[in-house]
Amino acid sequence: GPALKKQLSELGLDLVLMAFTGGSNADEHLRSLEEQVEWQRQLAPLFINAHSGSDRWNQDQAKRFYEGALKIESRAGVPIAHETHRGRVFFNPWVTRDIIQEFPELKLTCDYSHWVCVAERLLDDEKEILELCARHAMHIHGRVGYEEGPQVPDPRAPEYRGYLEAHERWWDMIWNSQQARGVAVSTLTPEFGPPSYMHTLPYTNVPVADLWDICNWMAKREAERFRARPGPKE
């Protein structure tokens, strides 16, 4: 812990950590969140990205969890951004809308690739929900999903350009909201993953594209798009 904190300081790097809640009910998930946040906060992260709760919960269980999560966040003094992720409470747009309307203090990490996969469609018909989520967005996971999965084989390929541009429309909504809110720093992770997120050829399991190249391409593209936006960039 202290050694990592010292090294990050010497290198001038900021840190984002992840918490993964677990258990058989909301109370156990809250205990696991509190245990992880307790040691993670000592590393002074910019924020903690949380895979929180379970998609199997009803509204009452979800509300119990997020009410407790906000208290944990307040006590820790470190922002917690809850990710829109499959398998978790925020696995689809409509549940997410209902919960953040109930708890307007909640912060989100927006990974819309999961929602495109779960809903089996692009989300432009849910503009009101996207605008609501943009107002709660602390962080972006910059992966591009499509109807049949959370990660297109290669976002640089022309056949996936429509999916890339759709996600970029939604990320622009977040950047616009953050600028309007006076957020000093916008953050994005080019979060394309290795196999089995990355498609592979049958039998050999050879990846169909180079993951390092894709993530670097995405980071460069979104940094350039961000710099090209109107308004202050610093």
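Student: Why is Glu-10 called exposed?

Tutor: Its relative accessible area is 57%, and the label applies over 50%, with buried meaning under 20% and partly exposed in between (1.4 Å probe, protein chains only). So Glu-10 counts as exposed. Bear in mind that this is a predicted model, where local features need pLDDT of at least 70, side-chain atom pairs count only at pLDDT 80 or more, and totals for chains, interfaces and linings use all residues. Residues are numbered from 1 along each chain as its sequence is written, and side-chain values use heavy atoms, with hydrogens and water left out.

Student: What makes Lys-6 and Glu-10 a salt bridge?

Tutor: Their side chains meet at 2.5 Å, N to O, and the rule asks for a side-chain nitrogen of Lys or Arg within 4 Å of a carboxyl oxygen of Asp or Glu. The two sit 4 residues apart in helix α1 (residues 2–11), so about one helical turn separates them. A helix here is a DSSP run of H or I with at least four residues, a strand a run of E with at least two, both numbered from the N terminus.

Student: What does the salt bridge between Arg-221 and Glu-168 tie together?

Tutor: The closest N and O atoms of Arg-221 and Glu-168 are 2.5 Å apart. Arg-221 lies in helix α8 and Glu-168 in helix α7, so the pair ties together parts 53 residues apart in sequence.

Student: Are those two buried or exposed?

Tutor: Buried: Arg-221 comes to 19% relative accessibility, and Glu-168 to 4%. Arg-221 also forms a salt bridge with Glu-222, at 3.8 Å between the closest N and O atoms. A network of salt bridges links Glu-168, Asp-172, Arg-221, Glu-222 and Arg-225.

Student: Why is Leu-201 called partly exposed?

Tutor: Leu-201 has a relative accessible area of 44%, so it falls in the partly exposed class. You'll find Leu-201 in the loop between β6 (188–189) and α8 (211–227).

Student: And what makes Gln-36 buried?

Tutor: Gln-36 has 16% relative accessibility, so it counts as buried. Its place is in helix α2 (residues 26–40).
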